[in-house]
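Please examine the sequence and the model shown here. The report that follows treats strands, helices, cavities and selected backbone features in turn.

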Amino acid sequence: MRTVALSMAGIPGLFTLLVLLCVFMQVSPYTVPWKPTWPAYRLPVVLPQSTLNLAKADFDAKAKLEVSSSCGPQCHKGTPLPTYEEAKQYLSYETLYANGSRTETRVGIYILSNGEGRARGRDSEATGRSRRKRQIYGYDGRFSIFGKDFLLNYPFSTSVKLSTGCTGTLVAEKHVLTAAHCIHDGKTYVKGTQKLRVGFLKPKYKDGAGGDNSSSSAMPDKMKFQWIRVKRTHVPKGWIKGNANDIGMDYDYALLELKKPHKRQFMKIGVSPPAKQLPGGRIHFSGYDNDRPGNLVYRFCDVKDETYDLLYQQCDAQPGASGSGVYVRMWKRPQQKWERKIIGIFSGHQWVDMNGSPQDFNVAVRITPLKYAQICYWIKGNYLDCREG
């Protein structure tokens, strides 16, 4: 079967990205009813077109672990999908380097076509649900993870702590996925981002018995963080140019590249399926909530509502958990095995003005096909390695 690369540059400006995105979401109709299976997606390609040097960055913003917004689920559902030109603008990105220099990269969006060109409608039909007005919803359903046998093993070992106070998730040998607001407030970079570090939990031994040469009889006293400096960061322009009450919330994600490999197992990213296809309709994530200092906190909960770009849920969480990778475990048919994948980034607790009455939501940014193509390219540097979501 012949594969042809089609540039989308000729699409009229008024034509929205609806058809483009829906084509990407075409999934295989063959499913197994007793196993929640990762869908097969037709993925776009997001490629750099030009790179501009920018002035050195400022680092004046205070780290905000709670995002404010006046646009709730119904507001987002009523917002038109971006046009092709708008999507290119939002997916263009800014790169910050350890020496304070930065660049802006403009991108193009392409489809690899194999002759199947019939567009499909949105795969998500989310309905509004009532919500309680608390960050902890009723009984606190979080679990603190103790003991190196758990903390140092997958999937908990993929959760890391940022020196700015947030959480991140290992998604490759040298890459960490987190929330954009953990390093950038939409206007400038957060204090400490120029010397950003990522912390990995490791055992702290008594009497200096730790380290690679310690005997197996040494008993760990408690866990401590080992820190690795960040080499560069990528933030989409949709976050930098957007506002929290506009499209900015949809682009609250960032990728960090470490100065050296972390040598731990990581969790791959994946395209977020519709909530109705998630196992039990649930999501999972672990983070470093501020009210439990030094503890990794795990939780799971049902998805209550969704838009194309966001998941709304009642997972108990506190500031500090922002940036956690939201994941699910589903059956991967080609390899005939169960696999966990990151399908979103926990943005945090967001207050929404609903007709003059404040309501609170815990929100995660979904990894859509376009976001997957962008993040995967940031990691791999080759779009050919990003054809499977």
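In which sense do β8 and strand β9 pair, and over how many bridges? The pairing of β8 with strand β9 (residues 175-178) is antiparallel and comprises 2 bridges. The model under discussion is a predicted one.

Strand β8 spans residues 167-170 and is covered on both faces. Thr 167 and Thr 169 lie on one side, Gly 168 and Leu 170 on the other, and all of them are buried. Towards β9, Thr 169 has Leu 177 as its bridge partner. The two strands β8 and β9 make up a hairpin, with 4 residues between them.

Strand β7 (residues 159-162) also runs antiparallel to β8, and 3 bridges join the two. Here Lys 161 has Thr 167 of β8 as its bridge partner.

Helix α6 covers residues 369-380. Because 10 of the 12 residues are buried, α6 is largely enclosed by the rest of the structure. The buried residues are Pro 369, Leu 370, Lys 371, Tyr 372, Ala 373, Gln 374, Ile 375, Cys 376, Trp 378 and Ile 379. After the helix comes Gly 381, which has a positive phi near 75°.

Helix α3 (residues 84-91) has Tyr 84, Ala 87, Lys 88, Tyr 90 and Leu 91 as its buried residues. Viewed down the axis of α3, these buried residues fall within an arc of 165°, and therefore they line one face of the helix. An α-helix has 3.6 residues a turn, so residues three or four places apart point the same way.

How many cavities of 30 Å³ or more does the structure hold? There are 5 such cavities, and the largest cavity contains about 60 Å³ of space. Its lining consists of Leu 96, Tyr 97, Ala 98, Thr 193, Gln 194, Leu 196, Val 230, Lys 231, Arg 232 and Thr 233.

At least two lining residues come from each of β4 (93-97) and β11 (220-236). Of the contributors to this lining, β11 gives the most, with 4 residues. Sorted by class, the lining of the largest cavity includes 5 nonpolar, 3 polar and 2 charged residues.

## Backbone geometry in loops

Tyr 154 and Pro 155 are joined by a cis peptide bond, with omega at about 5°. Pro 155 belongs to the loop between α4 (148-151) and β7.

Lys 263 is not a glycine, yet its phi is positive, at about 65°. This residue sits in the loop between β12 (254-258) and β13 (282-287). Is Lys 263 buried or exposed? Its relative accessibility is 82%, so Lys 263 counts as exposed. Gln 336, also not a glycine, has a positive phi of about 55°, and its place is the loop between β16 (325-332) and β17 (337-354).

Asp 60 lies in the loop between β2 (44-54) and β3 (67-69). With a relative accessibility of 53%, Asp 60 counts as exposed.

Glu 94 belongs to strand β4, and β4 is one of the strands that supply the lining of the largest cavity. Glu 94 has a relative accessible area of 2% and is therefore buried. From Glu 94 to His 234 the C-alpha to C-alpha distance is 5.7 Å, whereas the separation in sequence is 140 residues.

Methods:
Residues numbered from 1 in each chain as written. Predicted model: local features only at pLDDT ≥ 70, side-chain atom pairs only at ≥ 80, totals over all residues. Heavy atoms only, no water. Buried < 20%, exposed > 50% of the residue type's maximum accessible area, 1.4 Å probe, protein only. Pairing = 2+ DSSP bridges. Expected span 1.5 Å × (residues − 1). Arc of directions from axis to C-beta. 1 Å grid on protein atoms, 1.4 Å probe; cavity = no way out; pocket = protein on both sides within 12 Å on 5 of 7 lines; lining within 4 Å. Points joined across faces, edges and corners; volume = space filled by probe spheres on them. Nonpolar A, V, L, I, M, F, W, Y, C, P; charged D, E, K, R; others polar.
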